[in-house]
Amino acid sequence: MSFTDSQMSQFREAFALFDKKGDGNIRLGDLGTVLRAMGENPTQADVTKTQQEIDPDSNPDKRINFEEFLPVLQRFQGQKPVGTEADYIEGLRVFDKDGNGTINAAELRHVLASLGEKLSDDDLDALLANVPIDSSGCVNYQEFVRIVMGGN
């Protein structure tokens, strides 16, 4: 799969956001977060496997440049999410105690941390960073699912 010039520009820009040192590289430990920020949906197992392929020692502080990252992005491009938007909304509806389309943000974080694929605190922070929380500390879970799945 080849990318258009416009896509390449967008990918470089997104990659640069995670370049904390300004040296044109990202931490290997941030690989999953960067892929997810670019709209991909790799499992943690896939990310770990890829990290081990890049660095058999799995050093999370190893740094990779955009040219090393690009084949990884190509590998994950177009992979279908494990579930549909409706599947995730239905799954979160179970935690909607009041039936008003919201769940407590702390409860959402706990659910994401403990059910299914285990997410690190950093992954949870990145996932929840752009999610609006209302004045009562709740999240509209339908909106959350749309944001996470890239539909905004």
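This is a predicted model: local features need pLDDT of at least 70, side-chain atom pairs count only at pLDDT 80 or more; totals for chains, interfaces and linings use all residues.
**View 1. Salt bridge between R63 and D23.** The closest N and O atoms of this pair are 2.8 Å apart. R63 belongs to strand β2 (residues 63-65), while D23 sits in the loop between α1 (5-17) and β1 (25-27). The two residues are 40 residues apart, and their pairing links distant parts of the chain. R63 is buried, at 18% relative accessible area, whereas D23 is partly exposed, at 40%.

**View 2. Network of D19, D23 and R63.** Salt bridges with shared partners join D19, D23 and R63 into one network. R63 counts as buried because its relative accessible area of 18% falls under the 20% limit.

**View 3. Salt bridge between E85 and R146.** The N to O distance between these side chains is 3.5 Å. E85 lies in helix α5 (residues 85-93) and R146 in helix α8 (residues 141-148), so the contact ties together parts 61 residues apart in sequence. E85 is partly exposed, with a relative accessible area of 31%. For R146 the value is 31%, which is also partly exposed.

**View 4. Salt bridge between K97 and E107.** The side chains meet at 3.0 Å, N to O. K97 is located in the loop between α5 and β3 (102-104), and E107 in helix α6 (residues 105-114). The partners are ten residues apart, and the pair links distant parts of the chain. K97 is exposed, at 65% relative accessibility, whereas E107 is partly exposed, at 22%.

**View 5. Salt bridges in the whole structure.** A search of the whole structure finds eleven salt bridges, among them R63 with D23, E85 with R146 and K97 with E107.

Notes
Residues are numbered from 1 along each chain as its sequence is written. Side-chain values use heavy atoms; hydrogens and water are left out. A salt bridge is a side-chain nitrogen of Lys or Arg within 4 Å of a carboxyl oxygen of Asp or Glu. Helices (H or I, at least four residues) and strands (E, at least two) are DSSP runs, numbered from the N terminus. Buried means under 20% relative accessible area, exposed over 50%, partly exposed in between (1.4 Å probe, protein chains only).
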